[in-house]
Amino acid sequence: MESNMHGWITLFAPLAMLAGAVVPFQAGANAALGRNLGHPLWATLASLAVSAVLASLLMLVWRVPAPDVHLAVRGPGWSWLGGAAGVFYITAALMLAPRMGSGPFMAAVIGGQMLAALAIDRYGLLGFAVKHISPLHWAGAGLVVAGVVLTQIANSRTA
């Protein structure tokens with residue numbers, strides 16, 4: 001268990017933080033693209049098209065085998081909603097981040113992610129294992145939500 005925890009701290013957490021650090025840049029780049037294309041939904045479509053091309057190239061480089069379509073179709077219907085969630089997030093970021101500012105927008109996103117993640121873990125949603133959510137988990141989420149509130153207050157005072 002100890003070596004597993006060490007691996008998580010030294011590899012997984014920094015990679016997850018790097019993935020999180022990319023998100024504000026994605027929101028800013030997509031917002032600029034939306035302005036250049038004339039509408040946020042064009043930027044959403046362009047962003048997802050770039051994602052599809054890059055993912056396809058990675059699959060070619062890594063020689064990822066074709067999926068078994070029969071298995072995919074037999075899976076739970078909700079498993080296909082990730083694309084819809086991506087469209088919702090990208091479009092919301094395009095429309096809200098320029099108005100709210102990157103920091104307040106990301107704080108709100110992280111607050112929503114934290115609360116949803118606790119519910120997913122607590123109830124074992126989406127195929128995740130059920131996890132006990134301790135008072136410390138709730139306290140951490142409460143601090144994140146408090147951060148959201150504080151960034152929104154600060155944002156409204158500087159607007």
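## A loop residue to start with

Leu 126 sits in the loop between helix 5 and helix 6, the latter spanning 135-158. The model is predicted. Leu 126 is not a glycine, yet its phi is positive, at about 60°. Most residues other than glycine have a negative phi. Is Leu 126 buried, exposed or partly exposed? Its relative accessibility is 46%, so Leu 126 counts as partly exposed.

Arg 63 also has a positive phi, near 55°, and is a residue other than glycine. Arg 63 belongs to the loop between helix 2 and helix 3 (69-74). Its relative accessibility is 73%. The cut-off for exposed is over 50%, so Arg 63 counts as exposed.

## Overall build

The protein has six helices and zero strands. Read from the N terminus, the order of elements is α-α-α-α-α-α. Along the principal axes, the C-alpha trace spans about 55 × 50 × 30 Å.

How much of the protein is buried? Of its 159 residues, 17% count as buried. The accessible surface is about 11500 Å². Carbon and sulfur atoms hold 75% of that surface. Take the contacts with a separation of 6 or more: 55% of them join residues 24 or more positions apart.

## Transmembrane regions in the record

An unreviewed UniProt entry gives the feature "transmembrane region" at residues 41-65, 77-97, 103-124 and 136-154. How do two of these spans look in the model? Residues 41-65 are 84% helix and 0% strand. The end C-alpha atoms of that span are 32 Å apart.

Residues 136-154 are 100% helix and 0% strand. Here the end C-alpha atoms lie 26 Å apart.

## The largest nonpolar core

Which residues form the largest nonpolar core? There are seven: Ala 27, Ala 93, Ala 97, Met 100, Phe 105, Met 106 and Val 109. Helix 4 (82-100) supplies at least two residues of this core, and helix 5 (102-123) does likewise.

Ala 93 is one of the seven. Leaving aside residues up to four places away in sequence, Ala 93 touches Ala 27, Pro 98 and Phe 105.

## A buried serine

Ser 47 is in helix 2, which runs over residues 40-61. Is Ser 47 buried or exposed? Its relative accessible area is 11%. The cut-off for buried is under 20%, so Ser 47 counts as buried.

What does Ser 47 touch? Its contacts are Gln 26, Asn 30 and Ile 90, not counting residues up to four places away in sequence.

The protein is divided into domain 1 (1-94) and domain 2 (100-158). Taken over C-alpha atoms, the domain centres are 20 Å apart. Six residues of domain 1 are in contact with six residues of domain 2.

The size of an interface is often given as the accessible area lost when the parts come together. Between domain 1 and domain 2, the buried area is about 440 Å². Carbon and sulfur atoms give 85% of it. Which residues of domain 1 lose the most area to domain 2? They are Pro 24, Trp 78 and Tyr 89. Together these three make up 71% of what the domain 1 side buries.

Technical notes:
Residues numbered from 1 in each chain as written. Predicted model: local features only at pLDDT ≥ 70, side-chain atom pairs only at ≥ 80, totals over all residues. Heavy atoms only, no water. Core = buried A, V, L, I, M, F, W, Y, C linked by side-chain atoms within 4.5 Å. Buried < 20%, exposed > 50% of the residue type's maximum accessible area, 1.4 Å probe, protein only. Helix = DSSP H or I, 4+ residues; strand = E, 2+ residues; numbered from the N terminus. Contact = heavy atoms within 4.5 Å. UniProt positions renumbered as here; feature names shortened; annotations may be inferred. Areas by Shrake-Rupley, 256 points an atom, 1.4 Å probe, with all protein chains shown as cover. Domains from an automatic or database assignment. Buried area = accessible area lost by both parts, 1.4 Å probe.
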